[in-house]
Amino acid sequence: MAAGLRFDGRVVLVTGAGGGLGKAYALAFAERGASVIVNDLGGDFKGYGKSSSAADRVVNEIRAKGGKAVPNYDSVEDGEKLVKTALEAFGKIDIVVNNAGILRDRSFVRISDEDWDIIHRIHLRGSFLVTRAAWNHMKNQKFGRIIMTSSAAGIYGNFGQANYSAAKLGLLGLSNTIAIEGRKYNIHCNTIAPTAGSRLTQTIMPQDMVDAFKPEYVAPLVLWLCHESCQENGSLFEVGAGWIGKLRWERSLGAIVRGKNQPMTPEAVRDKWEKVCDFDNASKPRSIQESINVLNDALSQIESQGNVSMHSTSSGSVISSAVDTANIIGRELATKVYTYTHLEPILYALGVGMSTKDPDHLKFLFEGSEEFCCLPSFGVIPAQTSVFDGVPSLPGLNIDFTKMLHGEQYLELYKPLPTSGQLTSVSTIADILDKGSGAVLLVDVNTYCGKELLCYNQFTVFFVGAGGLGGKRTSEKAKVTVNPPKRPPDAVLSDVTTADQAALYRLSGDWNPLHVDPSFAALGGFKKPILHGLCSFGFAARHVLKHFANNDVTRFKAIKVRFAKPVFPGQTLQTEMWKEGNRIHFQTKVKETGEIAIAGGYADITSALDKPSAWEPVKTAGLQSDLVFEEIGRRIKEIGNELVKKVNAVFQWNITKDGKTVQWTIDLKNGSGEVYQGPARSSADTTFTLSDQDFMDVVQQKTNPQQAFFSGKLKVKGNIMLSQKLEMILKDYAKL
């Protein structure tokens with residue numbers, strides 16, 4: 001039998017612990033070794049009066065059984081006093097159970113301002129004040145467990161309890177946010193909606209039910225959620241009579257009620273109302289990101305109305321209704337070995353439009369060139385067979401070669417690709433999504449040379465007509481596209497594809513007859529064969545490489561695209577590009593029609609200064625940030641050992657001004673810490689890029705770092721969570 005849950009050495013504050021649920025919690029914690037602060041103001045259930053007797057009785061009962069407890073008679077509106085009692089009696093605070101509450105039940109129209117305000121002051125504001133008082137103590141000790149007490153009235157509503165219901169659901173929102181903010185400090189916060197006999201439920205329950213719903217049937221859940229071994233966080237539970245159930249949000253798939261370039265009308269809402277309210281195959285969003293992502297999906301669908309929105313791939317499949325998604329996610333599709341000589345990179349370069357007419361292209365077309373190298377986008381070639389050969393073997397899939405579309409592509413390179421050799425690609429199903437009109441498969445592919453990881457691809461594959469699986473619509477694992485800035489492009493490059501472009505590109509391994517056989521193309525609904533989406537991808541990638549990296553393949557780090565419209569061989573591809581720091585946003589249009597073929601694209605290009613082997617300090621006069629880094633350096637010399645223990649990370653800064661970039665590194669991982677100008681000597685855990693002025697605004701707290709990040713002024717690469725530690729350093733040690 002598993003060992004019992006003990007709380008020896010833990011200090012627990014229970015509010016409203018003079019009776020009912022609070023008393024049950026206090027007795028249960030004390031019985032299992034905790035030191036308990038029994039808080040109770042001693043008033044009646046409407047909040048009138050004050051007495052020490054309720055708290056004293058519970059404390060005496062605990063002490064009589066050999067437990068440790070002290071009373072507190074303050075209102076929860078004096079949260080600091082409650083926590084002070086814990087610190088003075090036991091030296092710390094580990095667990096807070098926000099249980100105190102009162103009732104002022106009235107029908108909605110009879111609620112007075114006082115009845116409304118006092119309910120919110122005690123339930124919602126009181127829980128906030130007590131939790132805030134305990135927060136920094138929990139944060140500093142890297143442990144905390146918090147319980148918020150909601151109610152079925154807050155979740156579902158209840159006649160005569162509008163004030164109480166509003167406060168109780170407000171506690172759920174408070175708890176959800178605290179759970180997010182506290183996670184990195186091992187502070188967990190959960191919400192319970194208990195049904196138990198108490199003085200608060202006597203007004204709405206018959207006495208026999210009050211007697212049956214014992215508080216002792218709720219306390220075990222609270223103790224489990226507060227134990228150090230419990231990792232539950234940000235959750236909501238209903239509990240009573242020995243039963244416990246977890247709740248979550250559910251959302252219908254909804255309906256799009258406007259057309260492209262059309263107004264949205266109430267009549268359209270009326271006509272789609274049944275679908276808006278249809279919970280068949282509903283999604284269950286778990287975060288604000290998942291909540292918002294569905295809007296991005298809707299916008300994409302609206303923009304692509306009436307058009308083929310994605311590029312057909314080299315094989316096809318439709319998901320059957322009986323597919324077991326849990327069995328698919330995380331499944332390894334295939335491991336494929338790709339052996340090649342210099343011939344394949346040259347053939348690929350020709351396939352994406354390179355020509356000896358351009359002298360800059362020679363190093364990609366001639367194996368005898370001193371600079372002979374692979375185009376970065378060649379990284380999709382060894383990966384593709386492990387995807388499209390593996391998908392048909394998944395259980396629950398019925399093959400249909402005309403129904404599988406290649407929706408998006410992401411490629412990230414960790415080092416330049418060799419011009420010949422043997423590469424091994426391992427593909428895995430990252431996620432499967434239900435888009436209503438179809439299903440999306442996210443396939444991750446890691447490509448190795450020996451044991452060394454060379455590149456990573458994510459293929460987004462759409463199965464037409466395969467929706468209705470009942471799964472989620474979005475995934476945090478997806479690499480997302482980014483819309484370009486709303487200003488004229490910084491550069492535009494064009495290339496005419498040849499009539500034989502698709503016939504040439506397919507020799508790199510995509511043998512789908514859709515791109516060469518007119519009769520097969522007709523089955524897919526096209527008037528003639530279309531160009532491979534990855535061929536257009538290759539054109540766009542080399543446009544970015546040429547204009548912003550001078551064809552230096554070592555500077556090309558990542559690229560993401562969405563295939564929006566088909567391209568026919570012979571049409572002109574025009575790539576519009578916008579530079580934002582080291583990220584190049586782009587979209588590719590068919591020049592003859594003006595339609596966007598590749599949307600939401602971006603490529604990450606490192607500055608030449610980011611290459612350690614060729615790095616030299618850049619002399620840029622008048623950088624304000626230099627003074628900050630020099631000051632941080634002086635402080636680190638004084639307390640570096642302490643900071644290394646707290647932070648354990650290397651931060652690299654790319655500070656831009658007048659088109660130039662100066663790099664600084666704050667090393668709080670090695671030795672006693674160090675600040676120096678230049679790129680990180682070892683790999684940086686987090687890299688920040690922003691202008692000199694924006695840096696100063698963040699340091700001087702004129703700009704919130706989160707605002708700078710979401711507005712695009714601050715770009716972060718690597719472990720973004722470590723930036724929380726760096727923010728502390730900038731505030732505490734860079735005050736000039």
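User: In S5, which residue is the bridge partner of Ile-95?

Analyst: In this predicted model, Ile-95 has Arg-145 of S5 as its bridge partner.

User: How many bridges join S4 to S5, and do the strands run parallel or antiparallel?

Analyst: Four bridges link strand S4 (residues 95–98) with strand S5 (residues 144–149), and the two run parallel.

User: OK, and what's the strand order in the sheet they belong to?

Analyst: The order is S3-S2-S1-S4-S5-S6-S7-S8, an open sheet of eight strands with mixed pairing. S3 and strand S8 (243–247) are the edge strands, each pairing on one side only. On average, neighbouring strands here are turned by 20° against each other, ignoring direction.

User: Which strands does H2 touch when it packs on that sheet?

Analyst: H2 touches S2 and S3, and its direction makes about 170° with that of S3.

User: Let's stay with H2. What does it span, end to end?

Analyst: H2 covers residues 53–64, twelve in number, and reaches 16 Å from first C-alpha to last, close to the 16 Å expected at 1.5 Å a residue.

User: Which of its residues are buried?

Analyst: Ala-54, Ala-55, Val-58, Val-59 and Ile-62 are the buried ones in H2. Looking down the axis of H2, the buried residues sit within an arc of 130°, so they line one face of the helix.

User: What covers those buried residues, and what's exposed on the other side?

Analyst: The cover over the buried residues of H2 includes helix H1 (20–31), strand S2 (35–39) and strand S3 (68–72). On the other side of H2, the exposed residues are Arg-57 and Ala-64.

User: And what follows H2?

Analyst: Gly-66 follows H2, with a positive phi near 90°.

User: Now H3. What should its twelve residues span, and how far apart are the end C-alpha atoms?

Analyst: Helix H3 (residues 79–90) should span 16 Å at 1.5 Å a residue; the end C-alpha atoms are 17 Å apart, which agrees.

User: Which residues of H3 are buried?

Analyst: In H3 the buried residues are Gly-79, Leu-82, Val-83, Thr-85 and Ala-86. Their arc around the axis is only 145°, which puts them on the same side of H3.

User: What covers them?

Analyst: Strand S1 (11–14), S2, S3 and helix H4 (113–141) are among what covers the buried residues of H3. The face of H3 turned away from its buried side carries Glu-80 and Glu-88, both exposed.

User: What about phi just after H3?

Analyst: Just past the end of H3, Gly-91 takes a positive phi of about 85°.

User: Switching topic: how many disulfides does the count come to?

Analyst: Zero disulfides, going by a cut-off of 2.5 Å between cysteine sulfur atoms. Cys-230 is in none: the nearest cysteine sulfur belongs to Cys-226 and is 8.5 Å away. Cys-373 is in none either, with the sulfur of Cys-374 the nearest at 7.3 Å.

User: Are Cys-230 and Cys-373 buried or exposed?

Analyst: Cys-230 is buried, at a relative accessible area of 2%. Cys-373 has 13% relative accessibility, so Cys-373 counts as buried.

User: How do S25 and S26 run, and which residue stands opposite Thr-689?

Analyst: Strand S25 (residues 686–691) and S26 run antiparallel, joined by four bridges. Thr-689 has Lys-715 in S26 opposite.

User: Last one: where is Thr-703?

Analyst: Thr-703 is in the loop between helix H20 (692–699) and helix H21 (705–710).

User: Buried or exposed there?

Analyst: Buried, because Thr-703 is at 18% relative accessibility and the cut-off is under 20%. Apart from neighbours within four places in sequence, Thr-703 is in contact with Asp-697, Val-698 and Ala-708.

Note on methods:
Residues are numbered from 1 along each chain as its sequence is written. This is a predicted model: local features need pLDDT of at least 70, side-chain atom pairs count only at pLDDT 80 or more; totals for chains, interfaces and linings use all residues. Side-chain values use heavy atoms; hydrogens and water are left out. The expected span of a helix is 1.5 Å times one less than its number of residues. Buried means under 20% relative accessible area, exposed over 50%, partly exposed in between (1.4 Å probe, protein chains only). The arc is that of the directions from the helix axis to the C-beta atoms. Contact means heavy atoms within 4.5 Å. Two strands pair if DSSP finds at least two bridges between them. Axes are lines fitted to C-alpha atoms, for helices over the stretch in contact, and angles run from 0 to 180 degrees between N-to-C directions.
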